[in-house]
Structures are given as structure tokens and as C-alpha cells.
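Here are some friendly notes to read alongside the model.

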Amino acid sequence: MTTLTTAPLAPLLERLFKEAASMSPATSPAVADLSAEERARLMRSRTDYHYYYGRLKDFPLAVSRETGLLLYMLARSCGVRNIVEFGTSFGISTLHLAAALRDNGGGRLITSEFEPSKVARARENLTAGGLIDLVEIREGDALKTLSVDLPERIDLVLLDGAKALYPEILNLVESRLRPGAFIVADDADKSPEYLARVRSPAGGYMSTPFAEDVELSMRLG
Ligand SMILES: C[S@@+](CC[C@H](N)C(=O)[O-])C[C@H]1O[C@@H](n2cnc3c(N)ncnc32)[C@H](O)[C@@H]1O
């Protein structure tokens, strides 16, 4: 028995994933007036990410079910206690990570989101999943909110906010990553600078693409 696979979390995640699957941003009026090129540019932009994600504020943009399971398993297997997440949205990935903390006996998950309506929905979902006590949702731009008061030692990081910021968010957490800490970067193919860094032999990581568009990296000692 795990927190992930039993009530209240299992039926909640089932509903959230079903809702997410029925809402494709690609066909929505929220971005229909943007060409595919403009969408790709905005997704990779270092300056227009507020505008882009503001348009997508009603969409969960969640990790896949497979990536959710991967997050839970990674966090469980290493006895993770301290997690940092960049990009909360409705909290689907957060629920998986917090469930692992619960089953590890407790811990702290700091997550970051700048859309106030998404913060409210994530809080609602984490409350319904019985996991809100393990999670601190920091509202605002993660470049600011994750620049202060992080745990001394971080065991796992999920990067899933604006893709162009992955290297800068890594800078904020890097000195606190314990040897063996995992970093999961979703849609990492949209952040070539980040990939070059974690894959560089001198970069201090072991790194591999995983599933469709996830980069799984491990901090070396
Ligand atoms: C792909 S979604 C995250 C999905 C979430 N991890 C899940 O699987 O349920 C990306 C989220 O990051 C937020 N975001 C993007 N850049 C951000 C930033 N610089 N600071 C805080 N939040 C950001 C967006 O508003 C959006 O909700």
C-alpha cells in the first residue's frame, strides 16, 4: 500500500489526469492566434515567459502519468527528504512528490508558481490529497522565490517551469545538491543550454535522456 495508489490520492490523480488529457493547449483559443513558430519561440524565451504562461493559466500542462510515477519512485528509492520544484501549475507533479515524502516518513517540498489562480488550484488539490502539510507553495517568479531560504541539503529537484530558465534555476540550487541528488527536467529538449551543461563531462553530473522528453541527471560527489 502506498499513498500514491490509495484513496484519497489515487482517485484524485485519476480525475486530474483525465481533465488534463481533455484540455489540449494546442487547439485552444488561448494560443490559437499564435503560429507554431511563435509558440516555440515563446516557450524558449528568457523574457516573454510571463506572457506565454499567462495565456496558458487555465491549463494544467502536467507531466505525463509515466513521469509522475518516475518522480514518485525516484523520491521513494533514495529516501528523499528535501525537494525543490520549479513550476507547480495545478500541482499534479507536486502530488506525486509529496506522496513519496509521506511514504518516506516526512520531509519538505518547496514548489514555485507565478500564476495566482494556479497556486489556488494547487493548494486545493494538495489539500484534497491530504498532502498540503508537506508542501510550501512559493507564489511569484521562481528566480526570486527560490533564491532564498532553501534547505541546506536538497535531494531531488524537478524543473518544469519556463524552459529558458533551467540553467538559472540550477544555479540557485546547485551548491545545496547532495552527491547522488537527482534532477528531473521535463521538456528539457527545449533548453539546449541546460542539456549542454548537465551532459558536459566536466559539469559535475551524470545525465541521460529518459522517456520522451525528460532529462534525468544525478549530481556527482
Ligand atoms: C509545465 S507547467 C508545470 C506542470 C506541473 N509541474 C505538473 O506536472 O503538474 C509550468 C508552470 O510553471 C509556471 N512557471 C513558468 N515559469 C515560471 C517562473 N519563472 N516562476 C514561477 N512559475 C513559473 C507556469 O505558470 C506553469 O504553470
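Predicted model: local features only at pLDDT ≥ 70, side-chain atom pairs only at ≥ 80, totals over all residues.

1. By class, the shell has 12 nonpolar, 7 polar and 6 charged residues. Altogether, 25 residues surround the ligand, and the closest are Val 63, Gly 87, Ser 93, Glu 113 and Asp 160.

2. Asp 160 uses its side chain instead, with a polar atom 2.7 Å from a ligand nitrogen.

3. How much of the ligand's accessible area does the protein cover? On its own the ligand has 610 Å² of accessible area, and the protein covers 99% of that. The space the ligand takes up is the largest pocket.

4. If you colour the model by secondary structure, you can follow which elements build the shell. Those giving two or more residues to it are helix 4 (49–55), strand 1 (82–86), helix 6 (92–104) and strand 2 (108–113).

5. Turning to charge pairs, the structure holds 22 salt bridges. Side chains of opposite charge can pair when their charged atoms come close. One of the salt bridges joins the side chains of Arg 41 and Glu 38, with an N to O distance of 3.0 Å. Why are these two about one helical turn apart? Both belong to helix 3 (residues 36–44), and they are separated by about one turn because they lie 3 residues apart in that helix.

6. The peptide bond joining Ala 7 and Pro 8 is cis, with omega of about 5°. Pro 8 belongs to the segment before helix 1 (9–21).

7. The other detail concerns Leu 61. Its phi is near 50°, a positive value in a residue other than glycine. Where does Leu 61 sit? Leu 61 is in the loop between helix 4 and helix 5 (65–77).

Technical notes: Residues numbered from 1 in each chain as written. Heavy atoms only, no water. Near = heavy atom within 4 Å. Polar contact = N/O pair within 3.5 Å; in protein donor to acceptor, adjacent residues only side chain to side chain. Areas by Shrake-Rupley, 256 points an atom, 1.4 Å probe, with all protein chains shown as cover. 1 Å grid on protein atoms, 1.4 Å probe; cavity = no way out; pocket = protein on both sides within 12 Å on 5 of 7 lines; lining within 4 Å. Sits in = over half its atoms within 2 Å of the grid points. Helix = DSSP H or I, 4+ residues; strand = E, 2+ residues; numbered from the N terminus. Nonpolar A, V, L, I, M, F, W, Y, C, P; charged D, E, K, R; others polar. Salt bridge = Lys/Arg side-chain N within 4 Å of Asp/Glu carboxyl O.
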